[in-house]
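Subject: Structure handover and notes

Hello,

Please find the structure for your work below. My notes on it come after.

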Amino acid sequence: MENSNTAEYNSIDTDDQPHKTVGQVTVDNPRIICRGVNVYYDEKHAIHDVTIDIGSNEVIAMIGPSGCGKSTFLRCLNRMNDTIASCKVSGDILIDDRNIYDKNMDVVLLRARVGMVFQKPNPFPKSIYENVAFGPRIHGLANNKAELDEIIHTSLEKAGLFKEVKDRLDQPGTALSGGQQQRLCIARAIAVDPEVILMDEPCSALDPIATAIIEQLIDELREQYTIVIVTHSMQQAARVSQRTAYFHLGKLIEVGPTEQIFTNPQHKLTEDYITGRFG
Ligand SMILES: Nc1ncnc2c1ncn2[C@@H]1O[C@H](COP(=O)(O)OP(=O)(O)O)[C@@H](O)[C@H]1O
Ligand SMILES: [Mg+2]
């Protein structure tokens, strides 16, 4: 046992060994299929050979120690890494059998289908209305003002914000509380009719009450969207997700049903992390 553990730890630091993830990487009804994904920042190998399916209408949590590659991997899913000059991605990431890294891929459209919500709420310096209207305007989703109003209304409703802001849609988004701003950013993502929403530690700048509201919202959104959430909070992962993926030093160590990952992890590294031995 001691020997095999040592071997596991050693293999983590060795760049070129093939990596086998423990657990269930595939699902019956995948929305995104990732195969052999590697990411480099110049010489730095940040993501090693990650293979995983993201299921339809599931919330999947990505957990692991700081710097293990959660954000890097999340950004692969809508080519947000394209904006980092040193960053190179290889491997296959498929949505509807189409590789999103195809040179013919329309990246603007991809980022509408795979929306993103960031750690720090980042509303545009515009009105609440215009924040949500921005995407639908770019993508020509409304033929007239009435249709646009309807999209704004529905998106704010789905983001659980409509009641709180309906009488002040013309006021700046930045004047809202942190939790409301984050729900505004979720409404902005929803407004362009995405299939997947990526969330990178969406609650880490929020107080516990605002966090609870967002977590409740994530659970409701799952009916319509696939959600990939990076979180440094294991409690949050346990509360909101159905599947959990554990990353360590750029490798996907283990993935499986959330309850099983937290009660009966198969890999020593996962167990060490969830029992608080490091991280
Ligand atoms: N823009 C970047 N340029 C160079 N290295 C980066 C960049 N972003 C992240 N990294 C490195 O890649 C590794 C993974 O980082 P990251 O994905 O941010 O981890 P996490 O989100 O799990 O904390 C870290 O070693 C980090 O220093
Ligand atoms: Mg991160």
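This is a predicted model: local features need pLDDT of at least 70, side-chain atom pairs count only at pLDDT 80 or more; totals for chains, interfaces and linings use all residues.

Residues are numbered from 1 along each chain as its sequence is written, and chains are lettered from A and ligands numbered from 1 in the order in which they are written.

Sheet

Helices (H or I, at least four residues) and strands (E, at least two) are DSSP runs, numbered from the N terminus. Two strands count as paired if DSSP finds at least two bridges between them. An open sheet of seven strands, with mixed pairing, runs in the order β1-β11-β10-β4-β9-β8-β7. β1 and β7 (114–117) stand at its edges with a single partner strand each, so one side of each has no neighbour in the sheet.

Strand β11 (residues 251–257) is largely enclosed by the rest of the structure, because six of its seven residues are buried. Buried means 20 or more other C-beta atoms within 10 Å of the residue's own, exposed means 12 or fewer, and partly exposed is in between, with C-beta atoms placed from the backbone. Strand β1 (residues 22–23) pairs with β11 in the parallel sense over two bridges, and Gly-23 stands opposite Val-255. Strand β10 (residues 243–248) pairs with β11 in the antiparallel sense over six bridges; here Phe-247 has Leu-252 as its bridge partner. The hairpin of β10 and β11 has two residues between the strands, and Leu-249 takes a positive phi near 45° in it.

Hairpin of β2 and β3

Strands β2 (residues 30–41) and β3 (residues 44–55) form an antiparallel pair over eight bridges. Tyr-40 is opposite His-45 in β3. Two residues lie between the strands of this hairpin, where Asp-42 has a positive phi near 50°.

Ligand 1

There are 13 residues around ligand 1, the closest being Tyr-41, Ala-46, Lys-70, Ser-71 and Thr-72; a residue is near the molecule if its C-beta atom, placed from the backbone, lies within 6 Å of it. β3 and α2 (70–76) are the elements that give two or more residues to this shell, and α2 provides the largest share, three residues. By type, the shell divides into four nonpolar, seven polar and two charged residues. Nonpolar covers Ala, Val, Leu, Ile, Met, Phe, Trp, Tyr, Cys and Pro, charged covers Asp, Glu, Lys and Arg, and the others, Gly among them, are polar.

In helix α4 (residues 128–138), the buried residues are Ile-128, Asn-131, Val-132, Ala-133, Gly-135 and Pro-136. Their cover includes α3 (107–113), α5 (145–158), α6 (162–165) and α7. Gly-140, which follows α4, has a positive phi near 60°.

Leu-206 sits in the loop between β8 (196–200) and α8 (208–221). Leu-206 is partly exposed, with 19 other C-beta atoms within 10 Å. Its C-alpha atom is 6.3 Å from that of Gly-178, 28 residues apart along the chain. Not counting residues up to four places away in sequence, Leu-206 touches Gly-178, Gly-179, Gln-182, Thr-211 and Ile-214, where contact means C-beta atoms, placed from the backbone, within 7 Å.

Regards

Conventions. Two residues are in contact if their C-beta atoms, placed from the backbone, lie within 7 Å.
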